[in-house]
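Please keep the sequence and the structure in view while reading.

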Amino acid sequence: MKYHHFTEQEVLDKSRELSYALVGRRIPEFIDLLDEDFVWIGDYNVQYTKGIQEFLKQVESECALSAIEISHEEYSMLIHERQTWITYGRFTASASMPDSSLLAVKMHFTFVWNQHKDFLKLIHAHATHATDATFLSSAFEAAHANTPQALFFDRMHIEELTGGDLTKIRIKDLDGNVRFLFPAEILYIKSNDKLCTIYTESGAFVARTSLKNMEHPQFLHIHRSYLANLRYIQSIRRYKATLTDGTQLPIGKERYVEIQIQLTGEQNRA
């Protein structure tokens, strides 16, 4: 009997589904994806478990908390041999506290999947915190030191990433990594022939796509080779746009007046 042949994209999508189920506190959905002998390894000493029940005991306090927003997503395939796939990646998780402060954590992970007939089951997960964050004041640390979230989050200031748009853009880079970004995470995009370089606050990557395919209401076509995020354009002059981080981008001469009008309209709406 032949079983379903999973493609690389299907396994990457399953890794994303798993991440959202756990971070979104949809525990039944998450458990459905686990092997009975699932092994979890995390940052802390207690986060070294085997079996679904042992894992559930360790995350019980977190499961009672509100759902968390995911951004800066990246999913990659490490290796595939017969019925086993290993994926890895990273994302940022953020949540609002009752005092209106925002907590965030950068997570790096490795998932090991095994095929059971027509189903994929997770047999191992290794998730760790990235620690190169700017921490909040000691007063904030003291206020939240004993909360359940303190075991999960690196506490740092981050800007709200969605910009009001909850739809993410799916981009596959030249290395085969699949990224999901809010439009507000993209500073600008530069086109070079059939390749686009996407610039974000955390770095840049290249994708085989056209500038036309990357068009979005949040992006302004300032030059035949550039899209700039309206959110980050600080000022314009003949014929350059300056972004909030100081980056200067060219403005096409034929587009300058139109861009002035568009930016004025955005400022009036704000």
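Two strands are taken to pair if DSSP finds at least two bridges between them. By that criterion, an open sheet of three strands is found in the order S14-S15-S16, with antiparallel pairing. The model is a predicted one, and the points below are grouped by topic.

**The sheet of three strands**

- The edges of this sheet are formed by strand S14 (233-237) and strand S16 (248-250), each of which pairs on one side only.
- Neighbouring strands of this sheet are turned by 25° against each other on average, with direction ignored.
- Strand S15, which covers residues 240-243, runs antiparallel to S16 and is joined to S16 by three bridges.
- Within this pairing, alanine 241 of the model stands opposite leucine 249, a residue that lies in S16.

**The sheet of five strands**

- A further open sheet contains five strands in the order S11-S10-S9-S13-S12, and the pairing here is antiparallel.
- Strand S11 (203-207) and strand S12 (219-223) stand at the edges with a single partner strand each, so one side of each strand is left without a neighbour in the sheet.

**The hairpin of S10 and S11**

- Strand S10, made of residues 195-200, pairs with S11 in the antiparallel sense, and five bridges are found between them.
- The two strands S10 and S11 form a hairpin, and two residues lie between them.
- Two of the facing positions can be located by residue number: threonine 197 stands opposite valine 206 in S11, while isoleucine 198 stands opposite phenylalanine 205 in S11.

- Leu78, Ile79 and Tyr88 together make a nonpolar surface patch of about 270 Å².
- Leucine 78, one of the residues of this patch, is found in strand S3, which spans residues 69-81.
- Leucine 78 counts as exposed because its relative accessibility is 54%, and the cut-off for exposed is over 50% relative accessible area.

Conventions. Residues are numbered from 1 along each chain as its sequence is written. This is a predicted model: local features need pLDDT of at least 70, side-chain atom pairs count only at pLDDT 80 or more; totals for chains, interfaces and linings use all residues. Side-chain values use heavy atoms; hydrogens and water are left out. Helices (H or I, at least four residues) and strands (E, at least two) are DSSP runs, numbered from the N terminus. Axes are lines fitted to C-alpha atoms, for helices over the stretch in contact, and angles run from 0 to 180 degrees between N-to-C directions. Patches are made of residues with over 30% relative accessible area and no salt bridge: like charges are joined within 9 Å, nonpolar side chains (Val, Leu, Ile, Met, Phe, Trp, Tyr) within 5 Å. Accessible areas come from the Shrake-Rupley method with a 1.4 Å probe; for residues, only the protein chains shown count as cover. A salt bridge is a side-chain nitrogen of Lys or Arg within 4 Å of a carboxyl oxygen of Asp or Glu. Buried means under 20% relative accessible area, exposed over 50%, partly exposed in between (1.4 Å probe, protein chains only).
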